[in-house]
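Student: I would like to go through this structure with you. Please show it first.

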Amino acid sequence: FARSGRWYERFSSSSERFAIDTRPAGCRIAVRDEGELAGCAVLYDLANHPEILAAVRAYLGVEPVISSMSLWWSFAFETASRDAELFHRDVDDWKFVKAFFYLTDVGQLDGPHTYVPGSFRSNKLLRIRRYQDQEITDVFGENSPRSFEGKAGTFFLEDTFGFHKGGRPVANDRLLFQVQYSAQYIPGSPYPKPEQRARFPQYSNLLNRYYVS
């Protein structure tokens with residue numbers, strides 16, 4: 001699935017869709033067209049995993065909804081980090097949590113995700129912008145950021161109001177699937193046209209209501 005379909009370049013003003021093997025020169029991050037994610041049962045299985053949902057319910061304190069799903073390739077480049085490869089906070093909603101799934105092996109040189117534990121509770125550095133590593137360690141400590149390495153299939157849940165960044169791969173391309181869970185509809189999320197209920201009858205209509213009709 002991740003080698004087929006239509007993709008677009010993240011952080012580009014172009015709306016052009018392309019096949020992954022014919023991506024534009026210099027494309028660092030290719031995102032799968034959201035409308036095509038709705039038809040992949042494997043991704044729904046991950047997003048609806050019972051143990052993950054139990055943890056999400058416990059954290060949010062309500063019955064969640066899937067408010068966004070994204071699948072993207074980060075390609076190995078020997079260039080400076082930029083955009084979401086720099087530390088930042090997400091402000092998608094008042095309270096939300098995201099699941100990240102590594103679909104390729106991710107080692108130290110493959111762009112591991114990095115998080116600052118406890119920073120989601122902090123009232124420091126509240127301006128919403130990109131932060132350099134030194135700015136983060138000056139406030140939270142030199143050993144505060146934690147990087148997540150793992151084999152394909154590794155996943156973790158995270159409150160991304162806390163400081164985090166996606167690593168910049170320099171050795172191998174990284175494939176990552178992300179699911180955002182929240183308590184409500186989030187304006188601006190790229191909701192696709194929902195799939196028909198008859199196609200995915202096993203999934204909760206409440207949890208998946210913006211993806212399965």
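Tutor: This is a predicted model, in which local features need pLDDT of at least 70, side-chain atom pairs count only at pLDDT 80 or more, and totals for chains, interfaces and linings use all residues. Residues are numbered from 1 along each chain as its sequence is written, and side-chain values use heavy atoms, with hydrogens and water left out.

Student: How many aromatic pairs are there?

Tutor: Rings of Phe, Tyr and Trp (its six-membered ring) pair if their centres lie within 6.5 Å; planes under 30 degrees apart are stacked, over 60 edge-to-face, the rest tilted. By this rule there are eight aromatic pairs.

Student: What makes Tyr-131 and Phe-163 an edge-to-face pair?

Tutor: Their centres are 5.2 Å apart, and the planes stand at 80 degrees. Tyr-131 lies in the loop between β5 (113-115) and α4 (133-140). Phe-163 lies in the loop between β7 (155-158) and β8 (164-165), 32 residues apart from Tyr-131. Helices (H or I, at least four residues) and strands (E, at least two) are DSSP runs, numbered from the N terminus.

Student: Why is the pair Phe-148 and Phe-156 called stacked?

Tutor: The planes are at 15 degrees and the centres 4.6 Å apart, so the pair is stacked. Ring pairs also link both into a cluster with Phe-100 and Tyr-102.

Student: Why is Cys-27 called buried?

Tutor: Buried means under 20% relative accessible area, exposed over 50%, partly exposed in between (1.4 Å probe, protein chains only). Cys-27 has 1% relative accessibility, so Cys-27 counts as buried. Cys-40, at 8%, counts as buried too.

Student: What puts the charged end of Arg-129 over the ring of Tyr-131?

Tutor: The rule asks for NZ of Lys or CZ of Arg within 6 Å of the ring centre and within 35 degrees of the ring normal. The charged end of Arg-129 is 3.9 Å from the centre of the Tyr-131 ring. Lys-95 sits likewise over Tyr-59, at 4.8 Å.

Student: How do you know that β5 and β6 pair?

Tutor: Two strands pair if DSSP finds at least two bridges between them. β5 and β6 have three, in the antiparallel sense. Thr-114 stands opposite Ser-147 in β6.

Student: What is the strand order of the open sheet?

Tutor: The order is β6-β5-β8, with antiparallel pairing. β6 (146-148) and β8 each have a single partner strand, so one side of each lacks a neighbour in the sheet.
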